[in-house]
Amino acid sequence: MNTTPRRALLPAGLRAPGRWAVLPAAVLAGAALGGGYGALQTPEYAATSYVIVVPAEKSDPAAAIGFAQAYGRVATDIAVTGDAQVWAGVTADTLRRDVQAATSPDAPMISITARAAKPAKAVSMADGVARALILDSTHVAGSTGVKVVQFSRATKPVAPVSPSASLSALVGACGGGLLGGLALLVRPRRAAARGEARHSRQAAPAGSPAAVPAPAAAAHRPETV
């Protein structure tokens, strides 16, 4: 009959009950940090303006999609070189950092999304970049055969796109729980081996070979004649 206690079957690093307190503590710490970050961060609003590339007369309609892809790649550069900074009231670095242009492979449309701490500022930035693209395309329409026109102006956002404090707390709690679980599982191998050896010595009965230390190899020497 096996009389080995179930506690001995657990790894040495997981037998101490106090170690399991790391997991709830990590969850609470992650939730507190995430909720604090969500409550203290500045809300961010996003506004999107849409423009479309249309071919001029006697131009290939398929070329509009290719030019839409090209304008989408250089949208912020055109806005910086134009008057978008003046219209939006921001710097060139702000336009490059907070404005993104996206295109579609099936339609000659460009979406221009701007992010800002104030809804009105996000709208002015998105519409300013769209206006810069329209003016630039008008100047070179004779050579490109296409022009950019306004499809839809940006609307004022009513809610921020940045995560709320509750969502940040939930994400922080998940991250804290993950780190706490890894801290419970990952232990130095030397410490685990030392704990296993200590438990084996305590469980070995008296008089067994495991309890009697082996003689040193240096003490056993053959007798010389």
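Two strands are taken to pair if DSSP finds at least two bridges between them. Helices (H or I, at least four residues) and strands (E, at least two) are DSSP runs, numbered from the N terminus. The structure is a predicted model, in which local features need pLDDT of at least 70 and side-chain atom pairs count only at pLDDT 80 or more, while totals for chains, interfaces and linings use all residues. Residues are numbered from 1 along each chain as its sequence is written, and side-chain values use heavy atoms, with hydrogens and water left out.

An open sheet is formed by four strands in the order 2-3-1-4, with antiparallel pairing. Strand 2 (99-103) and strand 4 are the edge strands, each pairing on one side only. On average, neighbouring strands of this sheet are turned by 25° against each other, direction ignored. Strand 1 and strand 3 run antiparallel and are joined by eight bridges; Tyr-45 stands opposite Ala-116 in strand 3.

Helix 6 packs on the sheet and touches strand 1, strand 2, strand 3 and strand 4 (contact: heavy atoms within 4.5 Å); its direction makes about 15° with that of strand 1. Axes are lines fitted to C-alpha atoms, for helices over the stretch in contact, and angles run from 0 to 180 degrees between N-to-C directions. Helix 2 lies across strand 1, strand 2, strand 3 and strand 4, at about 145° to strand 1.

In helix 2, the buried residues are Ala-64, Ala-68, Tyr-71 and Gly-72, where buried means under 20% relative accessible area (1.4 Å probe, protein chains only). Down the axis of helix 2 these buried residues fall within an arc of 100°, so they line one face of the helix; the arc is that of the directions from the helix axis to the C-beta atoms. They pack against strand 1, helix 3, strand 2, strand 3, helix 6 and strand 4.

The largest nonpolar core has 32 residues, and Val-51, Val-53, Leu-95, Ile-112, Met-125 and Leu-133 have the most contacts inside it. Such a core is a set of buried Ala, Val, Leu, Ile, Met, Phe, Trp, Tyr and Cys residues joined through side-chain atoms within 4.5 Å. Helix 6 gives the most to this core, with nine residues. Leu-133 touches Val-51, Tyr-71, Ala-75, Ile-78, Ile-112 and Val-148, residues up to four places away in sequence not being counted.

The chain averages a pLDDT (the predictor's confidence in each residue, from 0 to 100) of 74, and 55% of the residues score at least 70. Among the elements of the chain, strand 3 has the highest mean pLDDT (94) and helix 9 (residues 189-203) the lowest (56).

Definitions and conventions
Buried < 20%, exposed > 50% of the residue type's maximum accessible area, 1.4 Å probe, protein only.
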